[in-house]
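Dear colleague,

I am passing on the structure below, and I would ask you to look it over before reading my notes.

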Amino acid sequence: MIESVFGVMIRLFKYLMFYIILFSSSVRAELNILFVNPSIPNEPFWQSVEEIAQSAAQQLGTKMQVIYGGGNRIVQLEALKQHLAKNPKPDYAVILNYPGGSTASMSLLESQQIKFVTLEQTIFGEEREKIGLAGQKYKHWLGEIYFDNHTAGGQLARALQHLKQAQLPKQETHVVAINGHYGSESQARFNGMQEYFESNNGVVYQAVHAGWSEQVAFNQSKALLARFPNVNIIWAASDLMALGASKAAVESGRIPNKDIFIGGFDWLPRAIQAVEKQSISASIGGHKVMGAWAVISLLLYDNGHDIFAQQKNKKLTFNLDVVTKDNVAHFKSHKVKINWAEYDFKALKEKVALSHSIAGLSPLNPN
């Protein structure tokens, strides 16, 4: 009887060890995701994208390494080369392509057999034809995560036009535009703005490029307001540039939200505060969560749930929202730096898995 019980125990122990070993071999070690921040450390918008993505990665039990592209395709490619040469190969990568640099960056990742996703749609025209769609030429390109810059540019223009019409209904709409860099992202936003005003009785006098700089936008806005004193809308491709334009408007004797209406992109805390104080009129945003979307999509992919494959052309898209004085109270949490460690990214991941989409699921939606 004793031997029989002992024998059963031995067999149970062997079975238990077999399943422990089997289970352990099937469980992957902590994932390592390489996030290529296309800007410089502490740049306000991309720092937010990075921090939100890092919070998602930590909550979801994965490691996210960050390198910086320096706001330049050549610098970014060199940073990527050096990182891959000196460090263990990451399981996945997240990257934003700079125009003129997409083939080099994606070919490097492809040659290293690193699966990757791209953020934003920044490549158009002939270069876009060369890279094709996700999964075609570059087999390790899992998919794209982006919002429509063209549509967003028009959304911001429409919001500014609406605010201007409510305050100055008898004045014609006279616009100047402060764009970012000479790239497709900026151009798409500008094109959406220009298309809207051309269809809605707005005159766009001039567009300048401020390279996303608040100070440059300030200097350019002062010159534009002196050149075109009847301007009543300043459309900017970023919040920093909108804030610079607002300062220039005040120093030029104008009153924001009374005789001139200024808006930008990004939902920076300073911009949301400025909308509340009515020193700028509008900020469009929601896209700073795109890094977290990338982390969630990659973790789902690694668990056998490829949500990119379930979308047309392997594209995950989402919409942006405009904050104005009419709805800023609903976005009050964004007036200060949010502690994203308190956000439940695990629940968000489950929602994405169930819906096979990210549309309408942004944690940046109003409270």
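This is a predicted model: local features need pLDDT of at least 70, side-chain atom pairs count only at pLDDT 80 or more; totals for chains, interfaces and linings use all residues.

Two helices, α2 (44–59) and α7 (184–199), each give at least two residues to the lining of the largest pocket. Residues are numbered from 1 along each chain as its sequence is written, and side-chain values use heavy atoms, with hydrogens and water left out.

**Pockets**

The search runs on a 1 Å grid over the protein atoms alone, where a pocket is an open set of points with protein on both sides within 12 Å along at least five of seven lines, a cavity is a set where a 1.4 Å probe fits but cannot get out, and lining residues have an atom within 4 Å of a point. Grid points are joined across faces, edges and corners, and a volume is the space filled by probe spheres set on the points.

The largest pocket has a volume of about 510 Å³. Its lining is made up of 24 residues, of which S39, W46, Y98, H181 and W212 are the closest to the centre. By class, this lining holds ten nonpolar, ten polar and four charged residues, where Ala, Val, Leu, Ile, Met, Phe, Trp, Tyr, Cys and Pro count as nonpolar, Asp, Glu, Lys and Arg as charged, and the others, Gly among them, as polar.

For the second largest pocket, the volume is about 250 Å³. It is lined by 14 residues, and P44, S48, E51, P269 and K337 are the closest to its centre. Both α2 and α10 (269–277) supply at least two residues of this lining, with α2 giving the most, namely five residues. The lining of the second largest pocket divides into eight nonpolar, two polar and four charged residues.

**Cavity**

Across the whole structure, the search finds one cavity of 30 Å³ or more, and the largest cavity holds about 50 Å³ of space. Among the residues that line the largest cavity are N97, E120, R128, W141 and E144. At least two lining residues come from each of β4 (115–119), α5 (125–131) and β5 (141–146), and the lining comprises four nonpolar, four polar and three charged residues.

Helix α2 has 16 residues and reaches 23 Å from its first C-alpha to its last, close to the 22 Å expected at 1.5 Å a residue, the expected span being 1.5 Å times one less than the number of residues. Twelve of the 16 residues of α2 are buried, where buried means under 20% relative accessible area, exposed over 50% and partly exposed in between, with a 1.4 Å probe and protein chains only. The buried residues of α2 include W46 and S48, and what covers the buried residues of this helix includes β1 (32–37), β2 (63–68), β4, α11 (290–302) and α12 (345–355). Just after α2, G61 takes a positive phi of about 75°.

In α10, the buried residues are A271, I272, A274 and V275. They lie on the same side of α10 because they cover an arc of only 160° around the axis, the arc being that of the directions from the helix axis to the C-beta atoms. The cover over the buried residues of α10 includes α9 (239–251), β10 (282–285) and β12 (321–323).

**The chain as a whole**

The protein chain contains twelve helices and twelve strands, and its C-alpha atoms fill a box of roughly 100 × 40 × 35 Å along the principal axes. Of its 367 residues, 52% count as buried. Among contacts (heavy atoms within 4.5 Å) between residues at least 6 apart in sequence, 77% join residues at least 24 apart.

**Positive phi**

Most residues other than glycine have a negative phi. N201, in the loop between α7 and β7 (202–209), has a positive phi near 60° and is exposed, with a relative accessible area of 71%. N313 lies in the loop between α11 and β11 (315–317); its phi is also positive, at about 60°, and at 32% relative accessibility N313 counts as partly exposed.

Best regards

Definitions and conventions: Helices (H or I, at least four residues) and strands (E, at least two) are DSSP runs, numbered from the N terminus. Contact means heavy atoms within 4.5 Å.
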